[in-house]
Amino acid sequence: MRVMKLIIKNMLRHKLRTFLTVVGIAIAVMAFGLIRTVITAWYAGVEASAANRLITRHAVSFIFPLPLAYESRIEKVPGINLVTYANWFGGVYIDKDQFFARIAVDAEHYFDVYPELIVPQDQLATFKRERNACIIGSQIAERYNLKIGDIMPIEGDIYPGRWEFVVRGIYKPRDKGTDPSNMIFHWQYLEERMKEEAPVRSGQVGWYVIKINNPAEDAQVSRQVDDLFANSPAETKTETEKAFQQGFMASAGAIITAINLISFIVIGIIMLVLGNTMIMAARERVREYAVLKTLGFSTWHLVGLIAGESLAISTLGGAIGLAVTFPLTAAFAEALPKGWFPVFNVEPITIVLAGSAAILVGVIASVFPIQRALGTSIVEGLRQAG
Amino acid sequence: MKIPLKYSLRSLWTRRLTTVLTMIGIALVVFVFAAVLMMAHGLQKTLVATGSDDNMIVLRKSASGEITSIIGREEAAIITSLPQVARLPDGKALASGEVVVIVNLQYVGTEGYANIMVRGVSPEASLLRPQARLTSGRLFRFGSREVIVGSSVARRFQGAGLGERIKFGGDLWEIVGIFDTEGSGFDSEIWGDGDQLGQAFERSVFSTVTVRLTSAAQRQEFLTAFEADRRLQTLEAKPEKQFYEEQSELMAMFIRILGIAITVIFSVGAIIGAMITMYAAVSNRTVEIGTLRSLGFRRRSVLSAFLVESFLLSMLGGLAGLLLASILQFFSVSMINFASFSEIAFSFALSPEIILMSLLFAVIMGIVGGFLPAVRAARLDILSALRAA
């Protein structure tokens, strides 16, 4: 206990320096938290993917459609529970800077395969009945102030022309990681118009989503599906939803690596700031340590004294930094153009990492001063003029 | 009277460990600051180099990129017949109606796949883009299933080397050449005969049409003629450079917003680091300062000596950080361009502005961090300072 008291007294000796160090650590922890949050937000799509869903797309790349006729053939593969499909619609809503996914889906089964999109029963029933209906995510409803019954006009690009959709449902994300910013409408609506305007493009779907009974069978089912269409004009590539999402992110890998690297540089910087403070403190107190040793304090007392002070400063700074991380990430999300990161949360793992980094830094920063304090003999220490 | 520079230098040297730690702190911040700017600059440089001044690119109005644009053959014919379009001696328009699609290729050495743009071009395309040079092999023959690949594609993807065959569009395409465009976005593409690729992918329409104007000065007239034609109302013409610049905007903005947020936070941290160091320098040397003052050095001299010291500290840190960052120029990174959904490779690029900004940034950190401690040193009272020991 006496050591505790000494630690606090020591911390208060250079109030300004301790204050600056705490602020420095708090800032670094905050930066660390922000960077990690950006990384986790980037991978939100990967994290949100379900283990029992497979995605089948055109083997060449996702921009090529698959025939609708594949549906009935895929359904026959053993181990498959449900097959549904969707098309990327794209288009422009209001202007080109409004980022959110607009997709045409198989209205009958899509929401059965994606149980994390929670739509009230009555809204879903109305949606299924009306061809030009759409269901939007709660974030979209909020961002554009859309209510049930409103009309969403969209200028098509992949499917040229003007399109109008009536909002018939608003889904809520089940999990924190679920994308709350999709706009989902009838594939059938798209199909009818394609039949009239561009018959060659009718009967095509962008990708199939397959719900399998047993997630452990993913590789086997994927292979069986792909084998069905091998050597046909439209070969398929089936993979787990997670792998599909990761594929999208693979190209961004270098950037993510760079951001990751930066987050570790931040930890390096915290270490430098705290290490510097502790080294200075130790340098000033060489004589004092000698006095303590003379009075009979053991080596362990000294270790406890120095490490304790270092840890106290780092955990204090870490705690403040973590507390500020939440408003900071919220402000950062506000500063970004809307829709870049539909899911932007401080994940528990981020908090754990930042907290343990602060503690680790506290321990490491005290190593050098301890070494110095222990290495100096009493006589040498007493002789030093401070 | 001024305190000699040597005093400041020696002071830094005496407390080497603290000096080095502070310097590393500043160096790291400058490194991150410079790296972020270099990345954004590199990306933009690559995409802007992709366009050339007297080319115009035509897309569908609502299209966000080449991949989502559709232009009919008749519309393309109207565009190329506009009078401002440059012509070859045989009267053919200097224009390329292009089919753009995306194919998946696997990286060398890893599991990951990336989306690569395949561009079907017209025979005139090489005249439109004179910066494209073949580094090995030959040009594909029009009318055959051959392609040439950009240097960055050839280097980074499996089965994309000279003489190999890529499978897409229900056929095998032989790679007969590798081309390089001096670091523009085209280096991340595959080029082939537009008619062949169109057939293979069952596309009877173009994605975009690129035309060369008789001169860059004709741009306004071309745009006026273009907009006046009712048949082209769903389309939009843009200078090629501007188009590629817009394509890079989103990603460059992301890099910048994140980069600025991080560096602002970092710099506060580094300023605090410098402040701690300089405060300690002042309190360690209280007697020394008292001695200086009693020798007749003025408050102002003491202030400037300490400021010089922190200036030197930050300058050293800044230079070290820049040196570290300049090594990055040897690395190229790739990222997905969300405007085209395909991959683009670019390298970190250093520019004189970035060097200047980084050093300025370092010095500001040093001066801001060193100012308050220097003021404290200057305001020390001679008597109590001498007594402090």
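The legends below describe close-up views of a predicted model.

**View 1. The contact between chain A and chain B.** Chain A contributes 48 residues to this contact, and chain B contributes 47 residues. On the side of chain A that touches chain B, at least two residues each come from α2 (15–42), β7 (151–156), α10 (241–250), α11 (253–284) and α13 (299–335) of chain A. The most is given by α11(A), with 14 residues. Sorted by class, the residues on this side of chain A are 31 nonpolar, 13 polar and four charged.

**View 2. The two domains of chain A.** Domain 1 of chain A covers 2–45 + 252–383, and domain 2 of chain A covers 60–234. Their C-alpha centres lie 48 Å apart. Where the domains touch, eight residues of domain 1 of chain A are in contact with eleven residues of domain 2 of chain A. The side that domain 1 of chain A presents to domain 2 of chain A has five nonpolar, two polar and one charged residues.

**View 3. Helix α14 of chain A and its bend.** This helix runs over residues 348–375 of chain A and has 28 residues. From its first C-alpha to its last, α14(A) reaches 41 Å, close to the 40 Å expected at 1.5 Å a residue. At A:Val367 the helix bends by about 30 degrees.

**View 4. Helix α9 of chain B and its buried face.** In this helix, residues 286–294 of chain B, the residues B:Ile289, B:Gly290, B:Leu292 and B:Arg293 are buried. Seen down the axis of α9(B), the buried residues fall within an arc of 160 degrees, so they line one face of the helix. These buried residues pack against α10 (299–327), α11 (352–379) and α12 (382–387) of chain B. After α9(B) comes B:Gly296, whose phi is positive, near 110 degrees.

**View 5. Two asparagines of chain A with positive phi.** A:Asn145 is not a glycine, yet its phi is positive, about 55 degrees. This residue is found in the loop between α7 (138–143) and β7 of chain A. With 7 other C-beta atoms within 10 Å, A:Asn145 is exposed. A:Asn231 also has a positive phi, near 65 degrees, in a residue other than glycine. Its loop is the one between α9 (218–228) and β12 (236–240) of chain A. A:Asn231 is exposed, with 7 other C-beta atoms within 10 Å.

**View 6. The surroundings of B:Ala345.** B:Ala345 is found in strand β12, residues 342–347 of chain B. This alanine has 22 C-beta neighbours inside 10 Å; B:Ala345 therefore counts as buried, as a residue does with 20 or more. Leaving aside neighbours within four places in sequence, B:Ala345 is in contact with B:Ser152, B:Asp187, B:Ser188, B:Ser332 and B:Ser334. B:Met335 is ten residues from B:Ala345 in sequence, and the two are 6.5 Å apart in space, C-alpha to C-alpha.

Terms used. Residues are numbered from 1 along each chain as its sequence is written. Chains are lettered from A and ligands numbered from 1 in the order in which they are written. This is a predicted model: local features need pLDDT of at least 70, side-chain atom pairs count only at pLDDT 80 or more; totals for chains, interfaces and linings use all residues. Two residues are in contact if their C-beta atoms, placed from the backbone, lie within 7 Å. Helices (H or I, at least four residues) and strands (E, at least two) are DSSP runs, numbered from the N terminus. Ala, Val, Leu, Ile, Met, Phe, Trp, Tyr, Cys and Pro count as nonpolar, Asp, Glu, Lys and Arg as charged, and the others, Gly among them, as polar. The expected span of a helix is 1.5 Å times one less than its number of residues. The bend at a residue is the angle between axes fitted to the seven residues ending there and the seven starting there. Domain bounds come from an automatic or database domain assignment. A residue is buried if 20 or more other C-beta atoms lie within 10 Å of its own, exposed if 12 or fewer, and partly exposed in between; C-beta atoms are placed from the backbone. The arc is that of the directions from the helix axis to the C-beta atoms.
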